Amino acid sequence: MAGRPVAAERALLATERARLAAMDPFRKPTGPATRQGIRRTLRAALTGAIRQQLITFNPASHVELESGKRPKPLLWTEARVARWRLTGEKPAPVMVWTPVQCGAFLDEAEGDRLYTLFHLSGTRGLRRGECVGQEWSDVDPAGGQITPAKEIVVDGWDPYESAPKTDGSASTIALDSLNVAALREHRARQLKEREKWGDAWQDTGKVLTQENGAWLHPETASETFRQILARTDLPPITLRDLRHVAATLTHGGGGDLHTIKETLRHSTITLTSDTYTSLLPEVDQAAAEAAAQLVPRARSSAS
């Protein structure tokens with residue numbers, strides 16, 4: 001008969017509640033930047049409610065949060081790598097590989113089914129969801145162009161297809177010859193897999209898929225990246241950080257802030273400048289020398 005739990009049941013319930021309270025949250029906690037975004041959205045909604053005379057003041061305007069600035073990426077210089085090997089501590093939350101380090105990773109990843117994903121992300125800055133959501137219909141190998149028009153993101157663990165992160169994210173960007181070659185090689189492998197699976201093949205139209213053509217779960221890409229990285233002696237970064245690597249490589253190749261903004265498809269150049277550019281030491285040095293040479297001097301200061 002239903003009723004209040006007996007003493008033994010109450011003790012059991014208390015134990016279970018304590019275990020639940022001690023468990024880590026199921027969802028990843030939001031960071032400062034995300035919380036700032038949530039407050040902006042809520043504040044805008046409540047401002048609209050004031051205009052409709054549903055409320056008289058905006059409580060979100062009085063909420064104080066920590067700074068929502070994105071952490072600036074730092075380059076894995078030799079000194080920082082040496083310090084990390086000694087202490088095991090990363091100098092900053094976001095770290096970026098040098099061209100040599102990126103090349104070492106791609107050498108290790110070559111031959112993996114997801115090599116094309118890592119190459120696109122590390123050199124052209126495609127996001128994880130954009131890579132696994134990319135469709136062949138939006139790839140033009142002959143013209144050397146790609147348009148990330150769709151992405152696959154996860155809700156909890158369930159993947160779903162979504163529009164790009166921003167309106168500008170669906171812009172067309174150039175593909176270099178190495179990416180074109182990687183895409184063509186991947187396409188040839190995919191066609192062989194399609195022939196092997198026959199009627200069981202799932203024609204999703206995606207560039208990067210499971211062996212049967214089905215959607216590739218975004219976390220599969222991240223886990224594969226971690227497994228390949230573990231086989232190397234490289235300092236740690238995340239799959240997401242490959243996007244920062246692409247910005248750095250673009251800058252090192254001579255691209256200015258506008259070029260980086262267009263490549264990464266940012267909404268504003270301020271975001272590009274504040275967050276995604278980690279200057280290569282050799283580029284900085286060359287710029288410093290060039291600037292110094294512009295100043296005429298009566299005599300050389302070199303000793």
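Me: Let's begin with charge pairs. Which residue's side chain meets that of E130 in a salt bridge?

Reply: Some ground rules before that: this is a predicted model, where local features need pLDDT of at least 70, side-chain atom pairs count only at pLDDT 80 or more, and totals for chains, interfaces and linings use all residues. Residues are numbered from 1 along each chain as its sequence is written, and side-chain values use heavy atoms, with hydrogens and water left out. Now the idea: side chains of opposite charge can pair when their charged atoms come close. Here E130 pairs with R265, at 2.9 Å from N to O. The cut-off for a salt bridge is a Lys or Arg side-chain nitrogen within 4 Å of an Asp or Glu carboxyl oxygen.

Me: Where do the two partners, E130 and R265, sit in the chain?

Reply: E130 is in helix α6, while R265 is in the loop between α10 (257–264) and α11 (269–276), so they are 135 residues apart and the pair links distant parts of the chain. Helices here are DSSP runs of H or I with at least four residues, strands are E runs of at least two, and both are numbered from the N terminus.

Me: Are E130 and R265 buried or exposed?

Reply: Both are buried. The scale is relative accessible area with a 1.4 Å probe, protein chains only: under 20% is buried, over 50% exposed, and in between partly exposed.

Me: How many salt bridges does a search of the whole structure find?

Reply: It finds 13. One of them joins R128 and E219, with the closest N and O atoms 3.3 Å apart. R128 lies in helix α6 (residues 128–133) and E219 in helix α8 (residues 218–230), so this pair ties together parts 91 residues apart in sequence. R128 counts as partly exposed at 29% relative accessibility, and E219 does too, at 25%. There's a network here as well: salt bridges link R128, E219, E223 and R226.

Me: And what about K150, which side chain does it meet in a salt bridge?

Reply: That of E135, at 3.3 Å from N to O. K150 is in the loop between β4 (145–146) and β5 (151–155), and E135 is in the loop between α6 and β3 (139–140), 15 residues apart. K150 is partly exposed at 31%, whereas E135 is buried at 15%.

Me: On to helix packing. How do α4 and α5 cross?

Reply: Two packed helices are described by the angle between their axes and the distance between the axes. The axes of α4 (residues 99–109) and α5 (residues 115–124) come within 9 Å and cross at roughly 165°. The two helices are therefore roughly antiparallel. On that scale, angles under 35 degrees are roughly parallel, over 145 roughly antiparallel, 65 to 115 roughly perpendicular, and the rest oblique. F105, L106 and A109 of α4 make the contact with Y115, F118 and H119 of α5, contact meaning heavy atoms within 4.5 Å.

Me: What about α5 and α9, how do their axes cross?

Reply: They come within 5 Å and cross at roughly 50°, so α5 and α9 are oblique to each other. Among the contact residues are F118 and S121 of α5 and L242 and V245 of α9.

Note on methods
Axes fitted to C-alpha atoms, helices over the stretch in contact; angles between N-to-C directions.
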